[in-house]
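I opened this entry to record what I looked up in the model, going from the overall make-up to single residues.

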Amino acid sequence: GTTTVAESVDGLVIGGTISTAATGTVRTLFTNTTGPKVCDANVSHLTVRNNGSFSPSVQFSVGTSTTAVQATNLIASTTIATSTPGTTFFRSLRASANSFVLAQGNVLTAMMGDITNTEASSTNFSNLTAEFGVWCQDVTI
């Protein structure tokens, strides 16, 4: 017969695409619905790509919370200069990052902010794509 595996002892990368449609809007990247997970903040990434035309420099904040509010416990405010067209910028979390537990019901959130670039325009943010991911393992299999 066939069996569906709901969880894996190998772990998974949680996260997702960060919308760049507007600054200052909290985005939920992942909601934990399957029990507690131990996540390794040292095995994570923030990737931002300039897809062509001018894009302003921006800041990204990423964190965990019990609700979809801004949280900065993983990345407080990483500024990424994204003005070079066709360039991908990759950032890992700080070397001092630790493991953390993402409880069931908790969320992973991200927010993009303008760094008050005088050339910044919300129409230029659509030139960016961004994503964040962190490796986690279920602890209640």
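I first looked up the secondary structure, and the chain comes to 0 helices and 9 strands, where helices (H or I, at least four residues) and strands (E, at least two) are DSSP runs numbered from the N terminus. The model is predicted, so I note that local features need pLDDT of at least 70 and side-chain atom pairs count only at pLDDT 80 or more, while totals for chains, interfaces and linings use all residues. Residues are numbered from 1 along each chain as its sequence is written, and side-chain values use heavy atoms, with hydrogens and water left out.

I then turned to burial: of the 141 residues of the chain, 38% count as buried, a term that means under 20% relative accessible area, against over 50% for exposed and partly exposed in between (1.4 Å probe, protein chains only).

Which residues touch the most other members of the largest nonpolar core? I found I14, I18, F60, L108, F132 and V134, out of 24 residues in that core; such a core is a set of buried Ala, Val, Leu, Ile, Met, Phe, Trp, Tyr and Cys residues joined through side-chain atoms within 4.5 Å. The elements giving two or more residues to this core include β1 (12-18), β4 (58-65) and β8 (107-114), and β9 gives the most, with 5 residues. I18, which lies in strand β1, is buried, because its relative accessible area is 2%. I also noted that I18 and E131 stand 113 residues apart in sequence, yet 5.2 Å apart in space, C-alpha to C-alpha.

β7 runs antiparallel to β3, joined by 4 bridges (strands pair if DSSP finds at least two bridges between them), and C39 has F100 of β7 as its bridge partner.

V38 sits in strand β3 (residues 37-50) and counts as partly exposed because its relative accessibility is 33%.

Last, I checked S65, whose place is in strand β4; S65 counts as buried because its relative accessibility is 11%. A polar atom of the S65 side chain lies 2.9 Å from the backbone oxygen of T67.

Methods: Polar contact = N/O pair within 3.5 Å; in protein donor to acceptor, adjacent residues only side chain to side chain.
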